[in-house]
Amino acid sequence: MYPSIKARRAGKKGAMQFDTSRLVWTRPPKTYTVSEDRITVTTEPHTDLWQRTYYGFRNDNAPVLQMETEEEYFSFVVKTEFSSSHHRFDQCGVVVYLDSDNWLKGSIEYENGQFQRLGSVVTNLGYSDWATTDIPADLKTMWYRLSRRKSDYCIECSADGVDFRQMRICHLHRGDGKIRFGIYACSPEDSSFEAIFTNMAVTECKWKPHDGQPPDEA
C-alpha cells in the first residue's frame, strides 16, 4: 500500500515526512538498497522509459520507486549522484509515473566525454517529448525539485540544493487526483551504473501561484 502524504504531516505547518520505508517499487531492480536517508540503485542494461515519438519504439521497463498521494500542492526534493555513469543515455532522477502511457521524468542523461544532457521527458497518452540543455560531462551530482499544483507540474534543478532553476513546467492529462511520485534510474543501452539518492524531503509547494497576466475570461 502506498502512504498518504496528507496523513503523514509532521511538525510545523506545511512540513511533510518522506518515509522511505513505505515507498513501493514498480519493476524493482535486481540490486538496490533503501534506508531512511539513502537509496541506491544498480541499473540493468536496456532499461528505459520512452513512448513512440520520433523513434517509434516503446520502452517501459525502468525501475521506479514511488509513494502515492492525493495532496494537490507539494514539492519533492532529492539529491542524485552517479559518479560511475559513463555510457550514453545512463540516467537517474525524479519521476511521476502513473502508467505506461502517462508520466514525466527529469534527469541528466550521459552522452559522451564532452557533454551530457540535463532535461525532462513528459509523456501524455502514450507519446513522449524530450527537452534538454547541454551541460559538462564531468558534472556527476544534481539536486531536483518536483512540484505539483493539481494537474500541473514544475521540475527544477540545483547544483547545491539551495538555488533552484526552472527546467520545465508541464501538464499531465491524467495527473489529477491520486498520483505517484519518486525516483528512477536506468541504462537504455548495454551498460550499468550505481545511482545514489539522498537528501529526500517533501515540503509545502515551493512553486508559487502565477502573479503575472491573469487568465483569459471565458
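Where in the chain is the place of Glu 111? Let's start there and then walk through the rest of this predicted model.

1. **Glu 111.** You will find Glu 111 in the loop between β9 (102–110) and β10 (115–124). Its relative accessibility is 18%, so Glu 111 counts as buried, the cut-off being under 20%. The side chain of Glu 111 also has a partner: a polar contact of 2.8 Å links it with the side chain of Arg 117. If you set aside residues up to four places away in sequence, Glu 111 touches Arg 88, Phe 89, Gln 116 and Arg 117. Keep two of those names in mind, Phe 89 and Arg 117, for they come back below.

2. **Phe 89, a neighbour with a positive phi.** Phe 89 belongs to the loop between β7 (73–81) and β8 (91–99). What is the phi of Phe 89 near? The value is near 75 degrees, which is positive, and Phe 89 is a residue other than glycine.

3. Arg 27 is not a glycine, yet its phi is positive, at about 60 degrees. Look for Arg 27 in the loop between β1 (24–26) and β2 (31–34). Is Arg 27 buried or partly exposed? With a relative accessible area of 26%, Arg 27 is partly exposed.

4. **The cavity.** How many cavities of 30 Å³ or more does the structure hold? There is 1, and the volume of the largest cavity is about 40 Å³. Among the residues that line the largest cavity are Lys 105, Ser 107, Glu 109, Leu 118, Trp 130 and Thr 132. Arg 117 is also one of the lining residues, and Arg 117 is the polar-contact partner of Glu 111 from the opening point.

5. **What the lining is made of.** Strands β9 and β10 each supply at least two residues of the lining of the largest cavity. Which strand gives the most to that lining? The answer is β10, with 5 residues. Sorted by class, the lining of the largest cavity has 3 nonpolar, 4 polar and 3 charged residues.

6. Glu 194 sits in strand β17 (residues 194–203). With 35% relative accessibility, Glu 194 counts as partly exposed.

7. **The chain as a whole.** How many helices and strands does the chain have? The count is 0 helices and 17 strands. As for burial, 51% of the 218 residues count as buried.

8. **Overall dimensions.** Along its principal axes, the C-alpha trace spans about 45 × 40 × 30 Å. A compact globule of 218 residues would have a radius of gyration near 17 Å, and the chain has 17 Å, so the two agree.

Technical notes: Residues are numbered from 1 along each chain as its sequence is written. This is a predicted model: local features need pLDDT of at least 70, side-chain atom pairs count only at pLDDT 80 or more; totals for chains, interfaces and linings use all residues. Side-chain values use heavy atoms; hydrogens and water are left out. Helices (H or I, at least four residues) and strands (E, at least two) are DSSP runs, numbered from the N terminus. Buried means under 20% relative accessible area, exposed over 50%, partly exposed in between (1.4 Å probe, protein chains only). A polar contact is a pair of N or O atoms within 3.5 Å; within protein, one must be able to donate a hydrogen and the other to accept it, and residues adjacent in sequence count only if both atoms are side-chain atoms. Contact means heavy atoms within 4.5 Å. On a 1 Å grid over the protein atoms alone, a cavity is a set of points where a 1.4 Å probe fits but cannot get out, and a pocket is an open set with protein on both sides within 12 Å along at least five of seven lines; lining residues have an atom within 4 Å of a point. Grid points are joined across faces, edges and corners, and a volume is the space filled by probe spheres set on the points. Ala, Val, Leu, Ile, Met, Phe, Trp, Tyr, Cys and Pro count as nonpolar, Asp, Glu, Lys and Arg as charged, and the others, Gly among them, as polar. The radius of gyration is taken over C-alpha atoms; the globule rule is 2.2 Å times the number of residues to the power 0.38.
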